[in-house]
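This report describes selected local features of one protein chain. The reader is asked to keep the sequence and the three-dimensional view at hand while following the text.

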Amino acid sequence: MTEILPADPSGISRAATLLQQGALVALPTETVYGLGADARNGTAVAGIYEAKGRPSFNPLIIHIADVDQARRYGRWSDTAEILASAFWPGPMTLVLPLAEGHGLSSLVTAGLDSVGIRVPAHPTARAILRALGGPVAAPSANPSGKISATTAQHVLTGLGGRIAAVVDDGPCTVGLESTIIGLNQPRPTLLRAGGLPSEAIEAALGAPLDVADGAEIIAPGQLASHYAPHASVRLNAQAATDGEVYLGFGAASGSGPDDLTLSASGDLVEAAAHLFDRLHALDRLRRPIAVAPIPETGLGRAINDRLRRAAAPR
């Protein structure tokens with residue numbers, strides 16, 4: 001049985017104890033729920049891959065309590081300092097060259113010489129990290145390739161009975177995985193659009209980001225097929241056809257009894273927070289999903305990235 005832990009001192013202490021013992025614990029963050037294991041424990045990290053059915057060439061992000069810890073695991077730079085000062089804690093991951101003597105399991109990095117690091121803003125996640133006193137490897141808490149979890153119930157639906165515990169602290173506020181910036185490239189590179197708009201990062205740097213071509217897997221979330229419901233997904237649809245359910249946005253809203261919307265007002269922040277929850281709800285119907293057009297600006301870029309991967313051939 002998977003324990004359901006409250007987001008209070010007793011639940012936080014229990015979660016930290018389980019992680020110290022090498023168990024898997026799903027943690028709430030502001031982005032999505034993460035499936036956590038002590039990143040220094042190779043057996044525990046292997047359990048993440050087993051529970052999720054995750055390809056071993058797909059690296060993991062480590063979550064830490066503060067910037068000082070980041071310097072222990074990744075080689076720091078002036079650019080890292082600028083971005084960390086501006087956006088940590090928050091929904092941004094920095095991919096840095098591995099520091100000497102980092103002590104991380106090689107399974108975390110999938111054999112690469114770099115590591116993705118994030119300081120989450122969620123108070124419960126940070127309390128667990130402080131109680132553990134070390135890094136937690138935590139991809140999204142869902143079966144590999146399926147819809148990410150933004151509530152504890154989503155976690156239990158996908159991984160119940162396969163992990164030790166989930167800490168239930170309600171729905172995630174951002175609802176999209178972190179934006180990943182590669183600082184192991186010649187120039188700062190957008191590796192994955194996410195919960196922090198790339199425009200904000202470019203403003204902090206005073207320069208545009210390069211964009212990864214996706215030819216090789218160097219960060220999480222780069223698999224072509226990902227976040228996928230059971231049925232097919234059709235994008236940029238003005239309306240549903242026979243047999244489909246509709247996921248609307250703004251003025252484009254469905255008329256069927258099972259249709260849902262990401263944001264009736266066309267608010268991209270609201271749409272991002274609702275994306276995975278709405279996909280979970282429609283997926284339970286086991287019918288093809290038609291999705292309204294989403295603007296390719298701000299958080300719309302991350303929303304469209306997830307939708308394109310959900311719609312990709314499997």
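Is N236 buried or exposed? The model under discussion is predicted, and in this model N236 has a relative accessible area of 56%. Because the cut-off for an exposed residue is over 50%, N236 counts as exposed.

**The surroundings of N236**

N236 is placed in the loop between β12 (233-234) and β13 (245-248). When neighbours within four places in sequence are left aside, the residues in contact with N236 are V291, A292, P293 and I294. The C-alpha atoms of N236 and K146 are separated by 21 Å, and these two residues stand 90 residues apart along the chain.

The backbone of N236 also deserves attention. Its phi angle is near 55°, a positive value in a residue other than glycine. R286 likewise has a positive phi, near 55°, and is not glycine. R286 belongs to the loop between α9 and β15 (289-291).

The table lists how each pair is arranged.

| Helix pair | Axes come within | Crossing angle |
|---|---|---|
| α9 (residues 268-283) and α10 (residues 299-311) | 9 Å | roughly 25° |
| α4 and α8 (residues 198-205) | 10 Å | roughly 125° |

Helices α9 and α10 cross at roughly 25°. Since angles under 35 degrees count as roughly parallel, α9 and α10 are therefore roughly parallel to each other. The crossing in which α9 passes α10 is left-handed. On the side of α9, the contact is formed by L268, V269, A271, A272, L275 and F276. On the side of α10, the residues are L299, G300, I303, R306 and L307. Sorted by class, this contact of α9 with α10 contains 9 nonpolar residues, 1 polar residue and 1 charged residue.

For α4 and α8, the crossing angle is roughly 125°, which makes α4 oblique to α8. Here the crossing of α4 past α8 is right-handed. Helix α4 contributes T79, I82, L83, A86 and F87 to the contact, while α8 contributes A200, I201, A204 and L205. By class, the contact of α4 with α8 comprises 8 nonpolar residues, 1 polar residue and no charged residues.

**An aromatic pair and a cis peptide bond**

How many aromatic pairs does a search of the whole structure find? The search finds 1 aromatic pair. The ring centres of W76 and W88 are 6.3 Å apart and the ring planes meet at 35°, so the pair is described as tilted. The pair links distant parts of the chain, with W76 and W88 lying 12 residues apart. W76 is in the loop between α3 (67-73) and α4 (78-87), whereas W88 is in the loop between α4 and β5 (92-97).

The accessibility of each partner can also be stated. W76 has 24% relative accessibility and so counts as partly exposed. W88 has 9% relative accessibility and so counts as buried.

W88 takes part in a further feature of the backbone. A cis peptide bond joins W88 to P89, with omega at about -5°. P89 is located in the loop between α4 and β5, and W88 is found in that loop as well.

Terms used
Residues numbered from 1 in each chain as written. Predicted model: local features only at pLDDT ≥ 70, side-chain atom pairs only at ≥ 80, totals over all residues. Heavy atoms only, no water. Axes fitted to C-alpha atoms, helices over the stretch in contact; angles between N-to-C directions. Helix = DSSP H or I, 4+ residues; strand = E, 2+ residues; numbered from the N terminus. Parallel < 35°, antiparallel > 145°, perpendicular 65-115°, else oblique. Left-handed = near helix turned anticlockwise from the far one by under 90°. Contact = heavy atoms within 4.5 Å. Nonpolar A, V, L, I, M, F, W, Y, C, P; charged D, E, K, R; others polar. Phe/Tyr/Trp six-rings, centres within 6.5 Å; stacked < 30°, edge-to-face > 60°. Buried < 20%, exposed > 50% of the residue type's maximum accessible area, 1.4 Å probe, protein only.
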